[in-house]
Amino acid sequence: MNKTNLIYVVIAHRFGDDNQHSYFVGCNTSKSKALDMARKEEEYRGGKYECWLHEAPIDGVWEEGKEYKKLTIE
């Protein structure tokens with residue numbers, strides 16, 4: 001898959017728990033800009049929220065059994 005066909009989505013999870021309160025932070029076609037966004041959001045929230053970065057295809061279609069890649073921001 002061409003790198004230009006990827007989008008990076010940032011989701012914040014309360015204390016890093018995806019079963020607690022979560023919210024959409026933003027998305028970008030640049031991985032480095034998305035990582036910067038995630039780091040700044042975590043800093044702004046004072047450690048209360050942990051951001052997860054997800055990599056997905058732009059205009060992708062649902063596929064049975066497909067898991068989208070979750071990236072760490074560290």
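This note goes through the predicted model point by point, from the overall fold to single side chains.

1. Basis of the values. The model is predicted, and local features need pLDDT of at least 70, side-chain atom pairs count only at pLDDT 80 or more, and totals for chains, interfaces and linings use all residues. Residues are numbered from 1 along each chain as its sequence is written, and side-chain values use heavy atoms, with hydrogens and water left out.

2. Overall arrangement. The protein chain holds 1 helix and 4 strands, where helices (H or I, at least four residues) and strands (E, at least two) are DSSP runs numbered from the N terminus. Read from the N terminus, the elements follow the order β-β-α-β-β. Of the 74 residues in the protein chain, 30% are buried; buried stands for under 20% relative accessible area, exposed for over 50%, and partly exposed for what lies in between (1.4 Å probe, protein chains only). Among contacts (heavy atoms within 4.5 Å) with a separation of 6 or more, 50% come from residues 24 or more positions apart.

3. The nonpolar core. The largest nonpolar core consists of 11 residues, namely L6, Y8, V10, A12, Y23, A34, L35, A38, Y49, C51 and L53. Such a core is a set of buried Ala, Val, Leu, Ile, Met, Phe, Trp, Tyr and Cys residues joined through side-chain atoms within 4.5 Å. Two or more residues of this core come from each of β1 (6-14), α1 (31-44) and β3 (49-57), and β1 gives the most, with 4 residues.

4. With 14 residues, α1 reaches 20 Å from its first C-alpha to its last, close to the 20 Å expected at 1.5 Å a residue (the expected span being 1.5 Å times one less than the number of residues). The buried residues in α1 are A34, L35, A38, E41 and E42. They cover an arc of only 125 degrees around the axis, and therefore lie on the same side of α1; the arc is that of the directions from the helix axis to the C-beta atoms. What covers the buried residues of α1 includes β1, β2 (22-28) and β3, whereas the face turned away from the buried side carries the exposed residues S32, K33, K40, E43 and Y44. Just after α1, G46 has a positive phi of about 65 degrees.

5. Salt bridges. The search of the whole structure finds 2 salt bridges, each defined as a side-chain nitrogen of Lys or Arg within 4 Å of a carboxyl oxygen of Asp or Glu. One joins the side chains of K40 and D36 at 3.2 Å, N to O; these residues are 4 apart in helix α1, which means that about one helical turn separates them. K40 is exposed, with a relative accessible area of 53%, while D36 is partly exposed at 34%. The other joins the side chains of R45 and E41 at 3.3 Å, N to O, with R45 partly exposed at 36% relative accessible area and E41 counted as buried at 15% relative accessibility.

6. The surroundings of W52. W52 lies in strand β3 and counts as buried, at 12% relative accessibility. Its side chain is joined to that of E50 by a polar contact of 2.9 Å, a term for a pair of N or O atoms within 3.5 Å, where within protein one must be able to donate a hydrogen and the other to accept it, and where residues adjacent in sequence count only if both atoms are side-chain atoms. W52 and H13 are 39 residues apart in sequence and 7.5 Å apart in space, C-alpha to C-alpha.
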